[in-house]
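Subject: Structure for you to look at

Hello,

Here is the structure I said I would pass on. My notes on helix packing follow it.

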Amino acid sequence: MNRTAVVTGLGFITSIGNDRAAVTRSLRTLTPGIARIEFLGNPTLGVKVAGTIKEFAVDSPSWRDWRWPAGYEFARETLRSLSPHGLYALCATEQAIADAGLAREALTDGGTGLYCASAGSAFLLHHNLTQMHAARFERGNPMGVVASIAGTLNFNLAAHYGIRGAVGGFAAACASSSHALGCALDDIRIGRQTRMLIVGAEEVNAETTLPFAAMRALSTNPDPATASRPFDQARDGFVGAGGAVCLVLEEAETARHRGAPIYAEFSGWGQAADGYNVAVSHPEGTGLASAMRRALSDAGVAPAEIDYVNAHATSTPAGDRSEALALRTVFTAAGARPRVSSTKGLTGHPLSMAGVMEAAFCALALRDGFIPGNANLTQPDEACAGLDLLRATVDAAPRLVLNNSSGFGGSNVCHVFQRAEN
Amino acid sequence: MSAPVSVPPSAPVVAPISPHAAVETLLRHFPEEVRVAYVRLRDTGDPAAADTLVLAIVADHMPRSEAALTDSAELIADLGFDSVAIAEMVFFLEDLLQVNVSNAEILRVRTVGDLRAFVRLKLASVPRA
């Protein structure tokens with residue numbers, strides 16, 4: 001029996017909206033979520049903008065001070081071990097479960113698993129360790145570890161929802177939630193699980209975002225309207241972002257049998273590493289090109305069949321050029337010309353959660369029949385010659401889409417999604 | 001050095017609380033009478049103030065918020081605490097009162113009354129700054 005998997009639920013806490021309707025509206029109208037921010041109240045910092053999360057207040061290390069949008073109710077037993085991005089993740093997961101029409105009992109049957117991706121909470125880790133240093137490590141917050149280290153999402157969400165299937169976390173920087181999604185597909189295909197929740201989340205604060213400024217990877221453009229401009233000649237770095245996205249992936253027959261809403265089929269994935277540099281993409285994008293080919297092969301799809309590529313392009317000079325060359329290698333050289341956009345011009349770059357967020361955008365595009373454009377693209381880099389870079393969102397129903405992700409160490413992961421035949 | 005502590009004649013000697021454990025931070029979500037009790041404990045060592053504080057902290061941390069907070073109430077059986085919730089509450093007390101509590105000490109506390117007595121004893125045993 002060939003088991004396939006479909007996307008049946010989505011939840012969003014993102015810079016461009018805190019629910020599916022708002023996110024869809026933003027993708028269709030190219031309304032960005034990037035805003036001015038003064039990290040730590042320090043006006044001398046060069047980074048002036050971020051993909052901020054609205055309607056939440058999570059600046060305090062204490063959950064007692066946090067505020068979140070109406071409609072979510074969480075017990076203190078849940079809140080006490082969360083980080084700020086754990087709160088985002090919980091809200092996104094609540095949305096996705098409701099969206100998929102799943103009863104809470106369905107999550108505890110052992111057939112449902114959970115894969116998560118985040119870098120942990122540098123903010124809480126710093127706070128907790130500072131507190132422990134002050135006490136000469138004689139005492140510390142007993143929730144400090146589970147609330148802050150990488151893995152905090154899977155610890156907390158698995159316990160909260162009573163998940164009894166496969167549970168784990170992925171740490172491959174900006175490709176992490178794409179790995180999570182790919183491995184979730186494998187688990188469903190080989191029959192280990194019938195349903196997987198895939199959650200990516202990150203904080204947008206000084207501790208998570210500004211270390212990338214030390215790498216000279218962040219944009220210092222102070223204008224929220226133009227700071228994130230993937231593939232543009234004037235790009236000068238990425239814009240940090242945060243939030244959370246949850247995607248529910250289900251074995252197709254199970255989903256259809258229960259009458260679940262189906263956004264798209266997840267048809268295949270592939271990964272390949274650059275074997276080149278700890279932090280910089282291969283200049284020719286060789287690893288990414290291999291990952292794309294592997295994903296296409298896994299899905300049994302030719303390059304010419306892909307209608308749209310949601311690029312990883314984060315608006316860094318080196319990374320976008322590398323991806324453009326990889327796209328030309330895979331598509332242009334094969335005589336194919338899919339539409340290409342990076343939605344990070346709207347959202348900024350939310351690190352570990354980028355992969356699942358953009359997979360969710362692809363699912364929306366497939367179900368609702370549109371292809372998002374490239375926000376802020378004025379003069380494409382010459383490396384993009386021959387690529388069909390959309391300037392505006394178009395009402396065109398794609399049948400097959402490719403979602404790219406790349407992370408530190410040269411990790412590259414690609415997914416193929418297909419319009420569902422209901 | 002802390003300022004000298006004035007101890008009411010009828011009260012046992014209670015060590016001063018470090019002035020940096022602040023009403024404005026750890027206790028900012030508590031009712032006014034609890035914050036006043038903390039200041040009284042800090043300034044005078046009044047053990048009745050310690051009781052007020054302990055009861056409020058147990059109430060704030062206990063999973064079964066509807067349970068009756070009596071001296072005989074057991075933290076685990078009656079109030080719904082698990083070991084993690086107890087550890088969380090103990091850390092709050094440690095942080096607020098600037099004391100260290102060992103695992104062995106925690107294990108001896110079963111009821112709300114045990115905890116009240118333990119905190120009184122702990123504060124009395126802390127050397128004066």
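I start with a contact between two helices of chain B. On the α1(B) side, B:Val34, B:Ala37, B:Tyr38, B:Arg40 and B:Leu41 touch B:Ala49, B:Ala50, B:Thr52, B:Leu53 and B:Ala56 of α2(B). Please keep in mind that this is a predicted model.

Two packed helices are described by the angle between their axes and the distance between the axes. For α1(B) and α2(B), the axes cross at roughly 140° and come within 8 Å. That angle makes α1(B) oblique to α2(B), since only angles over 145 degrees count as roughly antiparallel. The crossing in which α1(B) passes α2(B) is left-handed.

Next, α1(B) on its own. Helix α1 of chain B runs over residues 32-44, which is 13 residues. At 1.5 Å a residue it should span 18 Å, and its end C-alpha atoms are 18 Å apart, so the two agree. Which residues of α1(B) are buried? They are B:Val34, B:Ala37, B:Tyr38 and B:Leu41. These cover an arc of only 100° around the axis, which puts them on the same side of α1(B). Just after α1(B), B:Gly45 has a positive phi of about 75°.

For chain B as a whole, there are five helices and zero strands, and the order along the sequence is α-α-α-α-α. Of the 129 residues in chain B, 45% are buried. Counting the contacts in chain B with a separation of 6 or more, 57% join residues 24 or more positions apart.

There is also a helix pair in chain A to report. Helix α11 (residues 286-299) and helix α12 (residues 317-330) of chain A have axes 8 Å apart and pack at an angle of about 45°. α11(A) and α12(A) are therefore oblique to each other. Here α11(A) passes α12(A) in a right-handed crossing. In this contact, α11(A) supplies A:Leu288, A:Ala289, A:Met292, A:Arg293 and A:Leu296, while α12(A) supplies A:Glu323, A:Ala326, A:Leu327, A:Thr329 and A:Val330.

To put the two pairs together: α1(B) passes α2(B) in a left-handed crossing, and α11(A) passes α12(A) in a right-handed one.

Regards

How values were computed. Residues are numbered from 1 along each chain as its sequence is written. Chains are lettered from A and ligands numbered from 1 in the order in which they are written. This is a predicted model: local features need pLDDT of at least 70, side-chain atom pairs count only at pLDDT 80 or more; totals for chains, interfaces and linings use all residues. Side-chain values use heavy atoms; hydrogens and water are left out. Helices (H or I, at least four residues) and strands (E, at least two) are DSSP runs, numbered from the N terminus. The expected span of a helix is 1.5 Å times one less than its number of residues. Buried means under 20% relative accessible area, exposed over 50%, partly exposed in between (1.4 Å probe, protein chains only). The arc is that of the directions from the helix axis to the C-beta atoms. Axes are lines fitted to C-alpha atoms, for helices over the stretch in contact, and angles run from 0 to 180 degrees between N-to-C directions. Angles under 35 degrees count as roughly parallel, over 145 as roughly antiparallel, 65 to 115 as roughly perpendicular and the rest as oblique. A crossing is left-handed if the near helix is turned anticlockwise from the far one by less than a right angle, and right-handed if clockwise. Contact means heavy atoms within 4.5 Å.
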